[in-house]
Amino acid sequence: MKGNANELDLALLEDRVALRQGKKQIYAKLIKQAKKQLKPSEIILMGHSQGARIVAEMVQTPVIDKFVYMSASPLGRMFYAGIDSAAYNNILYRNDSPDRLEVEFEMGDSYKTWKSYSYSPMISIASTRKPLLIVYGDKDKSCVQCDMFHTLKWKNKNITIKKYNGLNHNFFNENNQSNWKEVIADVDKWIKSN
């Protein structure tokens, strides 16, 4: 049985797997080249949801100046999926063939996708000495543990956390009204002040 990912999804998956395998230098070289050609005053890496996982993996990249991590669980997918530790360990630590990793897991993605998003970003995030903003909505069902990020602030004063009351994963309220404009305005204000 094959997964139903399209080419773009597979390319993004390869990027995530490359990050997990320590191939961050590819991204660093691309960013460094862009910085040299474009001469921006600073490089800011921002990611939402699964993109935030890439932000967490890149916090030690010297050419990036600031980071914005939006709406992603501090614990990976284990708790939000409601799977037990045996199933979680099976996903993370078994050595399946590439074909087997593409088989759809009962949670909707392939095992490979689950594995790439199942590592906790907490250690990576705690290790940065650069400004990092974490934003999330308190009604986000996919990362109900986001309040755990506050435990990082005692160790790292460069971390700023902004919680949006009444907003979901995509910063919509209970009336299905988007609050992205407010969120992005706050992100912009943070970028300019850090």
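In what order do the 4 strands of the open sheet stand, and is their pairing parallel or antiparallel? The order is β1-β2-β3-β4, and the pairing is parallel. Strands (E, at least two residues) and helices (H or I, at least four residues) are DSSP runs numbered from the N terminus, and two strands pair if DSSP finds at least two bridges between them. The model is predicted: local features need pLDDT of at least 70 and side-chain atom pairs count only at pLDDT 80 or more, whereas totals for chains, interfaces and linings use all residues. Residues are numbered from 1 along each chain as its sequence is written, and side-chain values use heavy atoms, without hydrogens and water.

Strands β1 (44-48) and β4 (159-164) form the edges of the sheet, each pairing on one side only. On average, neighbouring strands are turned by 10 degrees against each other, direction ignored. Between β1 and β2 (residues 66-70), 5 bridges run in the parallel sense; Met46 stands opposite Val68 in β2.

Helix α3 (residues 50-57) packs on the sheet and touches β1 and β2 (contact: heavy atoms within 4.5 Å). The direction of α3 makes about 145 degrees with that of β1, where axes are lines fitted to C-alpha atoms, for helices over the stretch in contact, and angles run from 0 to 180 degrees between N-to-C directions. Helix α9 (residues 180-193) lies across β1, β2, β3 (132-137) and β4, at about 155 degrees to β2.

The model has 0 disulfides (a pair of cysteine sulfur atoms within 2.5 Å). Cys143 is in no disulfide, and the nearest cysteine sulfur, that of Cys146, is 3.2 Å away.
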